[in-house]
Amino acid sequence: MRIVECIGWLWQVSRGFHVQIGWYGIVAVIHVYISLFFVFVCKHLIDIATGVSEDSFGMYVGWMAVCMTAQLVLSVIRSRWTNRTEIRFRNDLHHRLFVHLMGNRWDGREVFHTGDILNRIEADTDTVTDAVCRIFPTVFVTMVQLGGALFFLSRLDRQLTGILVFIMPVALLFSKGYVRKMRWMSREIRETDSCIQSHIQESLQHRVIVRALEHTRKTVDKLASLQSSLREQVFRRTDFSVFSRSMVQVGFMTGYAVAFLWGVSGLRDGTVTFGMMAAFLQLVSQIQRPMVDLSRQIPAFIRIFTAAERLAELTSLPLEQQGKPLRLEGCSGIRIESLTFSYPDCEKKVLDDFTHDFRPGSLTAIVGETGVGKSTLVKLILALVQPKKGKIVIYNGKTEIEASPMTRCNLSYVPQGNTLFSGTIRENLLTGNPAATEEELHRALHTAVADFVFSLPEGLDSVCGEQGTGLSEGQAQRIAIARGLLRPGNILLLDEPTSSLDDETERMLLQRLSKVLEGRTLILITHRETIIRLCTEVIEL
Ligand SMILES: Nc1ncnc2c1ncn2[C@@H]1O[C@H](COP(=O)(O)OP(=O)(O)OP(=O)(O)O)[C@@H](O)[C@H]1O
């Protein structure tokens with residue numbers, strides 16, 4: 001991503017904060033001019049004290065007090081503003097990224113590891129927040145301060161200003177090559193940091209399995225090796241930037257020495273007053289400080305562009321089709337016409353010219369050997385992935401709609417395996433239908449043979465951990481079935497719903513399920529004979 005594009009992205013994500021930043025800039029500029037006026041007041045006071053000027057001493061003391069009070073008030077306003085804007089901006093950016101990532105289109109391939117995404121959302125968002133709320137306004141103020149100080153100095157001594165302006169742009173040392181190298185180094189560091197976070201996140205998520213496979217030592221060693229790479233990369237970047245900064249420092253030190261010697265020789269010759277000398281030194285430091293600050297900000301700018309680039313990669317992920325849910329009333333069916341699908345970067349077609357009509361009210365079992373494409377077909381029906389060719393139509397006799405994210409409301413889906421969220425059982429069930437009544441929750445649990453919930457000490461309010469820890473696989477599976485049954489859709493999509501159930505529980509589940517299938521279409525993936533017998537149709541992939 002080019003720097004101009006990074007700036008454009010930053011401008012776009014900070015929309016909604018431009019007015020606030022503008023106000024901050026105005027306050028900061030007033031602050032700068034008050035500090036320059038303070039220099040002017042000090043010069044006059046020294047000139048009055050040394051007899052060069054005959055102005056009123058009391059009046060200038062008064063101005064001095066006004067300047068000091070105003071500076072204090074403005075710094076309080078600025079730091080209060082910065083802290084408030086920072087938290088607002090960070091929350092806003094987090095929110096936008098989260099909304100985007102929750103709604104982005106999935107093509108069957110995860111572009112980023114979850115740990116990498118988390119790292120970007122945390123660390124890169126912090127960098128961008130710091131840029132928008134602190135660094136950019138500070139740089140703006142620094143430039144105004146620099147311009148004001150140079151202007152003021154030029155009123156005192158044009159020649160000296162000319163010399164200083166000539167010496168200062170040592171910062172031009174920061175050629176294109178320097179910036180390119182720093183950007184590359186920053187990107188490398190951020191990528192290693194993401195790898196560390198991904199490794200920690202995945203290892204912690206599967207720590208029980210890691211322990212069971214006696215893989216703990218290797219996992220810890222991998223972290224140490226990644227950390228050692230990160231350390232080396234940071235050391236390399238630090239050495240490079242320290243060297244470049246020292247070169248700039250030399251330029252500034254020379255500038256200060258020139259101003260000092262200029263003033264001293266002027267004092268000796270009588271062309272410079274003590275007041276002017278004090279003003280020289282104050283102004284030179286007011287020029288030097290901003291220049292040093294600006295040179296220090298260059299690595300920060302490179303970090304900002306790297307962070308902006310990494311966040312822009314997330315926000316540029318295409319979004320799923322958006323729109324109002326398209327709900328079909330009554331019993332609905334699904335017609336699949338010449339469907340062809342293959343995962344990105346895979347030659348093999350998982351489905352090739354597949355056609356089938358899941359008629360309204362039919363009970364269909366999808367069977368086939370493992371890896372043949374059963375779950376993929378369900379994902380296509382859910383419009384989680386898009387077919388390469390052919391189409392999927394949901395119909396009810398009166399209306400026909402092509403499958404899309406908006407037709408998901410017609411589908412009650414029970415995924416394979418343990419898919420519970422951390423929280424109470426009630427919260428998990430309500431993700432199926434937030435408006436479900438207490439009676440509906442009880443009915444769904446009963447149909448899913450999950451009556452065991454009622455005998456738990458906390459009942460529906462029992463808490464389960466991440467991925468349903470605290471419950472057995474079979475218990476978690478039955479709660480997931482109840483959650484699917486609560487969905488308002490008339491088409492039930494069940495992916496291996498009884499894989500963790502014993503024969504007796506499975507028999508009861510099928511018995512209870514058959515009673516609620518009136519007016520609904522059932523599509524289920526299974527390997528179990530008992531379930532296949534319940535179905536009116538069987539298709540083998
Ligand atoms: N995200 C993916 N990217 C690439 N290939 C994938 C992806 N998901 C699945 N596949 C491949 O697609 C094929 C079909 O997978 P799918 O999960 O649909 O099989 P399945 O019939 O449901 O298997 P099982 O009975 O084991 O659940 C497999 O060969 C698998 O390797």
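**Close-up views of a predicted model**

View 1. Arg 183 is buried, at 16% relative accessible area (buried is under 20%, exposed over 50%, partly exposed in between; 1.4 Å probe, protein chains only). This is a predicted model: local features need pLDDT of at least 70, side-chain atom pairs count only at pLDDT 80 or more, and totals for chains, interfaces and linings use all residues. Residues are numbered from 1 along each chain as its sequence is written, and side-chain values use heavy atoms, with hydrogens and water left out. Arg 183 forms a salt bridge with Glu 309, closest N and O atoms 3.6 Å apart (side-chain nitrogen of Lys or Arg within 4 Å of a carboxyl oxygen of Asp or Glu). Arg 183 lies in helix H6 (residues 176–205) and Glu 309 in helix H9 (residues 274–315), so the bridge ties parts 126 residues apart in sequence. Helices are DSSP runs of H or I, at least four residues, and strands are E runs of at least two, numbered from the N terminus. Glu 309 is also buried, at 13%.

View 2. Arg 190 and Asp 193 pair at 2.8 Å, N to O. They sit three residues apart in H6, about one turn of the helix. Arg 190 is buried at 13% relative accessibility; Asp 193 is partly exposed at 23%.

**View 3. Glu 320 with Arg 408.** Their closest N and O atoms are 2.7 Å apart in a salt bridge. Glu 320 is in the loop between H9 and strand E1 (333–341), Arg 408 in the loop between strands E5 (400–402) and E6 (411–414). Glu 320 is buried, with 16% relative accessible area.
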